[in-house]
Amino acid sequence: MIEGLWKSLSGEEVDVVEKIKEFNQEKYNVHVGSDSCLNSGEKFRLITTICFREPGKGVIVFWRTKKPTCPDTLYKRLQLEVLDSIDVASKVQELCGRDLTIHVDINPDEKFESNKFYDEMVGMVKGCGFKCITKPDAFASAIADMYTR
């Protein structure tokens, strides 16, 4: 159902469907986010996270890596991140049966290049029926960023 090899924060491989069922409890808010990078000498990598956050206590994270073809523009890269998050969030929502939030690695500050796509990317998420959080509060995509290095 949810493709890919998923891991815990410690790097241990997990059955993500079983973990989603295990942590699908009211005390947790569910968040999904993605980030990507192109490291020198490596292929392009897209990281997506599923985060179960207990307010005031912390977050339980599961993540996966995909290696799609590297987008040739910033717009296509951000779009790929958002579409992957929407895809995973839709599948998580089917399993959980409740609302969740997608975190987008895009900056609301006009001095950053990604800002020119802000309205469109946020609109894609909201248009699919999800709540949306962007920088600097998008912790699910910030966690994904940790695994792009």
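**Entry 1: helix α4**

I took a residue as buried when its relative accessible area is under 20%. The model I examined is predicted. I looked up helix α4, residues 139–146, and found A140, S141, I143 and A144 to be its buried residues. Viewed down the axis of α4, these buried residues fall within an arc of 155°, so they line one face of the helix. I then asked what covers the buried residues of α4. The cover includes β3, β4, β5 and β6.

**Entry 2: the sheet**

I traced the strand order next. The sheet is open and has seven strands, in the order β2-β1-β5-β4-β3-β6-β7, with mixed pairing. Which strands stand at the edges? They are β2 (13–14) and β7, and each has a single partner strand, so one side of each is left without a neighbour in the sheet.

Strand β1, residues 6–8, is joined to β2 by two bridges, and the two strands run antiparallel. I noted that K7 has E13, in β2, as its bridge partner. I also recorded that α2 packs on the sheet, where it touches β1, β3 (29–38), β4 (44–54), β5 (58–66) and β6. The direction of α2 makes about 150° with that of β3.

**Entry 3: helix α3**

I turned to helix α3, which spans residues 118–127, and found M121, V122, M124 and V125 buried. Seen down the axis of α3, the buried residues fall within an arc of 150°, so they line one face of this helix. Which residues are exposed on the other side of α3? I listed D119, K126 and G127 there.

The buried residues of α3 pack against α2 (74–96), β6 (101–104) and β7 (131–134). Just after α3, I noted that G129 takes a positive phi of about 90°.

**Entry 4: aromatic residues**

I counted aromatic pairs, taking ring centres within 6.5 Å as the limit. The count comes to seven aromatic pairs. I examined the pair F23 and Y28: the ring centres are 5.8 Å apart and the planes stand at 80°, so the pair is edge-to-face. Both F23 and Y28 are buried. I also found that F23 and Y28 form one aromatic cluster together with F52 and F62.

**Entry 5: cysteines**

How many disulfides does a search of the whole structure find? I recorded zero disulfides. C51 is in no disulfide, and the nearest cysteine sulfur, that of C96, is 13 Å away. C70 is likewise in no disulfide; here the nearest cysteine sulfur belongs to C37, at 9.5 Å.

C51 has 0% relative accessibility and counts as buried. C70 has a relative accessible area of 35% and is partly exposed.

**Entry 6: K67**

I located K67 in the loop between β5 and α2. K67 and R45 are 22 residues apart in sequence, whereas their C-alpha atoms are 4.8 Å apart in space.

Notes
Residues numbered from 1 in each chain as written. Predicted model: local features only at pLDDT ≥ 70, side-chain atom pairs only at ≥ 80, totals over all residues. Heavy atoms only, no water. Phe/Tyr/Trp six-rings, centres within 6.5 Å; stacked < 30°, edge-to-face > 60°. Buried < 20%, exposed > 50% of the residue type's maximum accessible area, 1.4 Å probe, protein only. Helix = DSSP H or I, 4+ residues; strand = E, 2+ residues; numbered from the N terminus. Arc of directions from axis to C-beta. Contact = heavy atoms within 4.5 Å. Disulfide = S-S within 2.5 Å. Pairing = 2+ DSSP bridges. Axes fitted to C-alpha atoms, helices over the stretch in contact; angles between N-to-C directions.
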